Amino acid sequence: MNISHDARQYAPATERNQQPILEVLKRVLPVNGTVLEIASGTGQHAVFFAPELKPRKWLPSEVNPILQASILAWETYFPSDNLFPPLELDVQKSIWLVENPDLKFPFCLQEFPITAIVNINMIHISPWSACLKLMAGANRILPPGGILYLYGPYKQNGKHTAPSNQEFDTSLRLSNPEWGVRDLEAVSEIATLENLQLVEVIPMPANNLSLIFKKI
C-alpha cells in the first residue's frame, strides 16, 4: 500500500527484518566494490542498508515500474551518496543490464566493480527459473571470492522448518503454482553448478534463513 500520497510503497516485513539482515551483511560482504541488489522491492532495504555499508556502493534493481518509482521516492526522502537509482533489471534475462559495457552509471563499474549480489525474499515468490537465472547471473558477474546473499524461508531436508512456513508455502502455491518455499538443498545444488559454494546458513527471525554463497 502507499504511505501518504507519494510513490513510496511500504512493506511491514521489511522494517522487521532489516536490522538482522544488516548485521549479517556487515560481516559477510566484501569490504569494497558495488553491491547489486536484485529485486529491491519497495526500496526500504536500499535506503536503510546503503549508508550503513559505506564505502561500498549500493545499486538497487527492479523489473516492476511501480516498485522502481517507489525506490526513487524512498531515495528522495533518505538520500545517500553511495546509493544509486534503480536499474530496470529482469533477473530472468540471459544477459543482465549491468553486463552492458556501454551502460552509463553515476559511477564507473570498472572502478567500483560488483563484488556482491543481494537478493531478499524473491525466489519463493517467483518461478523456479528465476532462481536458476539468478545463480547463472551471479556466476557470470561475481569475481572469485564474490558473495551472493539470499534471504527468505527455506525447507531443509525436504521439510518445512515451522508450521507457519508450511502455511505460507500453501498460500503461495494457491496464488501461483510456480511459486513456493524452496528446498535449501535444491538451491545449493544449482549454486554449485554455477561455481557458487554455500559457505554459511544463518538462522534469522520469523523462521527465515540467510544463505551465504561464495564464488569459487
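**Reading the model, feature by feature**

Tutor: Buried means under 20% relative accessible area, exposed over 50%, and partly exposed in between (1.4 Å probe, protein chains only). This is a predicted model, in which local features need pLDDT of at least 70 and side-chain atom pairs count only at pLDDT 80 or more, while totals for chains, interfaces and linings use all residues. Residues are numbered from 1 along each chain as its sequence is written, and side-chain values use heavy atoms, with hydrogens and water left out.

Student: Where does Asn-207 lie?

Tutor: Asn-207 is in the loop between β8 and β9; helices (H or I, at least four residues) and strands (E, at least two) are DSSP runs, numbered from the N terminus. Asn-207 is not a glycine, yet its phi is positive, about 60°. Ala-206, in that loop too, also has a positive phi of about 60° without being a glycine. Ala-206 is exposed, at 62% relative accessible area.

Student: Which residues does a cis peptide bond join?

Tutor: Lys-54 and Pro-55, with omega about 10°. Pro-55 belongs to the loop between α2 and β2.

Student: How do I read a helix?

Tutor: An α-helix has 3.6 residues a turn, so residues three or four places apart point the same way. The expected span is 1.5 Å times one less than the number of residues. Helix α5 (residues 163-175) has 13 residues and an expected span of 18 Å, and its first and last C-alpha atoms are 19 Å apart, close to that value.

Student: Which residues of α5 are buried?

Tutor: Asn-165, Asp-169 and Leu-172. Down the axis of α5 they fall within an arc of 65°, so they line one face of the helix; the arc is that of the directions from the helix axis to the C-beta atoms. On the other side of α5, Pro-163, Glu-167 and Leu-174 are exposed.

Student: And what does α3 pack against?

Tutor: The buried residues of α3 pack against α2 (44-52), β2 (57-62) and β3 (87-88). Among those buried residues are Ile-71 and Trp-74. At the start of α3, a side-chain oxygen of Asn-64 comes within 2.8 Å of the backbone nitrogen of Ile-66.

Student: How are aromatic rings described?

Tutor: A pair of aromatic rings is described by the distance of the centres and the angle of the planes. Rings of Phe, Tyr and Trp (its six-membered ring) pair if their centres lie within 6.5 Å; planes under 30 degrees apart count as stacked, over 60 as edge-to-face and the rest as tilted. The structure holds 3 aromatic pairs.

Student: Is Phe-49 buried or exposed?

Tutor: Phe-49 is buried, at 0% relative accessibility, whereas Phe-48 is partly exposed at 23%.

Student: Which residue has Trp-58 among its contacts?

Tutor: Val-118, whose contacts, leaving aside neighbours within four places in sequence, include Trp-58, Leu-25 and Tyr-149; contact means heavy atoms within 4.5 Å. Val-118 lies in strand β4 (residues 114-120) and is buried, at 0% relative accessibility.

Note on methods: Polar contact = N/O pair within 3.5 Å; in protein donor to acceptor, adjacent residues only side chain to side chain.
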